[in-house]
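Keep the structure open beside you as you read.

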Amino acid sequence: MNVISAQHAGPAFTFNDPWWISLIKAGAIITFLLLSVLLALWVERRGLARMQTRPGPNYHGPFGLFQAIGDAAKLILKEDFWLGGADKFIYVLAPVIAALTAFTVYSVIPFGPEVSMFGHTTPLQLLDSPVSVLMILAITAFGVYGIVLGGWSSHSTYPLLGSVRSSAQVISYELSMGMSLLSVFLVSGSMSTSQIVNQQTELWWFIPLFPAFVIYVISMIGEVNRLPFDLPEAEGELVAGHMVEYSSMKFAWFFLAEYINMLNVSAVAATLFLGGWRAPAPLSMIGGGVLNTGWWPILWFVAKVWLFMFFMVWTRGTLLRFRYDQFMAIGWKILIPGSLVWIVALATLQGLRQFANFTATELSLGIGVVALIAMAIIFMIPEKDEAQEQAKLAGPAPQEGEFDPFAGGYPVPPLPGQTLPPSPRAARRAATVEAVTVSAEENTDD
């Protein structure tokens with residue numbers, strides 16, 4: 001493992017743009033995100049139709065483009081109802097918070113190196129700071145307020161349950177995501193996005209930090225509530241989660257924020273693990289690295305973002321939804337402990353390289369030996385008894401006879417084989433029916 005030690009450094013670029021250059025950059029980012037969302041809708045509709053043999057979205061207009069137009073028209077023309085019992089101010093504020101935080105993340109994402117723009121040399125990035133990645137994590141954490149307030153302000157049961165479930169999911173997977181990004185800070189020596197990209201000139205971080213990369217990719221799908229992790233919007237359980245009571249453009253803001261968040265996590269993955277705007281290895285060697293200069297890097301950056309976008313579409317079309325307990329178990333019992341173990345191992349590796357003068361080859365050999373020992377221990381653990389597992393899944397054994405459903409203080413349903421005692425009302429009804437029958441028979445005899 002060739003892990004590079006780097007000193008803590010600030011941004012790789014200097015930002016002294018005039019205000020109108022910053023305004024142009026901000027407008028370009030917003031335009032890019034809006035066009036990317038339209039393209040994402042088209043790609044997802046068309047891609048899922050191919051994967052799942054649903055021809056409709058592929059035949060509505062040339063290249064299936066009328067499907068996206070129909071979806072947009074439906075959102076705009078749909079009745080914009082207002083809930084009588086909702087908290088009006090928070091009800092409107094929630095989708096605004098969700099969309100605003102989604103648009104903000106790309107402000108610290110580098111699209112490319114320095115270029116000449118209207119006679120000014122400026123980096124293809126709106127702004128940067130020594131803690132840009134922490135800023136991204138703070139923005140995504142603040143976006144949870146839009147989800148929570150959207151469910152709470154509706155004063156309805158299903159939106160509230162969806163918002164609580166979504167907040168628990170986002171917070172849980174933000175922990176594993178943040179710890180996976182911590183390994184990038186350790187090897188890069190900086191939290192500046194431009195500096196992290198600058199540190200990946202020779203080696204992209206997903207190679208030496210592959211476990212952290214895998215944890216991040218899983219966490220980012222859970223972070224944006226996509227299948228198989230879309231439990232907050234499970235139609236069969238919560239209809240549409242926190243967005244149940246929203247319609248027309250208010251719903252469209254939530255819808256827009258969801259797709260922009262997909263672009264956000266994809267951009268962070270491309271920036272921190274796949275070299276950002278740098279061209280892949282074969283292309284980066286052409287002409288002495290000419291494809292890493294000028295406006296070319298925008299192409300490589302967008303291609304990497306769409307690599308992750310297609311991966312999320314692919315998972316939606318192929319995987320089934322997890323149960324909520326399974327989903328939370330993945331986060332708290334696998335991803336978070338795995339992130340902690342990886343961070344400790346990486347910190348130990350960096351410390352040994354810095355203070356004990358171990359070579360990368362020696363450390364890699366030692367890590368390989370430890371990994372083999374760990375695998376051997378895992379294989380030595382005895383498997384669970386299949387009979388015990390089946391018995392656990394089957395539940396408690398049936399109990400014959402009657403039982404008192406109020407014995408524990410609250411009513412419970414009977415187990416298989418148990419019967420409820422006859423209710424007093426049923427006994428009175430049976431006695432009444434019997435009395436009427438006897439009386440009718442007596443009248444017949446007379």
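## A serine inside a helix

Let's start with Ser172, which sits in helix H7, residues 157-188. This is a predicted model, and everything below was computed from it. Is Ser172 buried or exposed? Its relative accessibility is 4%, so it counts as buried, the cut-off being under 20%.

What does the side chain of Ser172 reach? It comes to 2.7 Å from the backbone oxygen of Ala168. Leaving aside neighbours within four places in sequence, Ser172 is also in contact with Met328, Trp332 and Ile336.

## The overall picture

Stepping back, the protein has 17 helices and four strands. It is 446 residues in all, and 42% of them count as buried.

## The largest nonpolar core

The largest nonpolar core brings together 75 residues. Within this core, the residues with the most contacts are Tyr106, Leu209, Tyr216, Met220 and Phe273. Which helix gives the most to the core? That is helix H11, residues 248-273, with 14 residues.

Apart from neighbours within four places in sequence, Leu209 is in contact with Ser183, Val184, Val187, Phe273, Trp342 and Leu346.

## Aromatic rings

How many aromatic pairs does the structure hold? There are 16. One of them joins Phe251 and Phe255, whose ring centres are 6.0 Å apart with 20 degrees between the planes, a stacked arrangement. Both residues lie in helix H11, four residues apart, or about one turn of the helix. In general, an α-helix has 3.6 residues a turn, so residues three or four places apart point the same way. Phe251 is partly exposed, with a relative accessible area of 21%, and Phe255 is partly exposed too, at 22%.

Another pair, Phe310 and Trp314, is tilted: 6.2 Å centre to centre, with 40 degrees between the planes. These two lie in helix H13, residues 296-318, and are also four residues apart, about one turn. Phe310 has a relative accessible area of 41% and Trp314 has 47%. Both values fall between the 20% and 50% cut-offs, so Phe310 and Trp314 count as partly exposed. Elsewhere, ring pairs link Phe206, Phe210, Phe213, Tyr216, Phe273 and Phe308 into a cluster. Tyr216 and Phe273 are also among the core residues with the most contacts.

## Helix H1 and what follows

Helix H1 covers residues 19-51, which is 33 residues. How far apart should its ends be, and how far apart are they? At 1.5 Å a residue the helix should span 48 Å, and its end C-alpha atoms are 47 Å apart, so the two values agree. H1 is followed by Thr53, whose phi is positive, near 55 degrees.

## A buried loop residue

Finally, look at Asn225, in the loop between helix H9 (210-223) and helix H10 (235-238). Its relative accessible area is 7%, so Asn225 is buried, again by the cut-off of under 20%.

Asn225 and Ser166 are 59 residues apart along the chain, and their C-alpha atoms are separated by 7.9 Å.

Notes: Residues numbered from 1 in each chain as written. Predicted model: local features only at pLDDT ≥ 70, side-chain atom pairs only at ≥ 80, totals over all residues. Heavy atoms only, no water. Core = buried A, V, L, I, M, F, W, Y, C linked by side-chain atoms within 4.5 Å. Buried < 20%, exposed > 50% of the residue type's maximum accessible area, 1.4 Å probe, protein only. Contact = heavy atoms within 4.5 Å. Phe/Tyr/Trp six-rings, centres within 6.5 Å; stacked < 30°, edge-to-face > 60°. Polar contact = N/O pair within 3.5 Å; in protein donor to acceptor, adjacent residues only side chain to side chain. Expected span 1.5 Å × (residues − 1).
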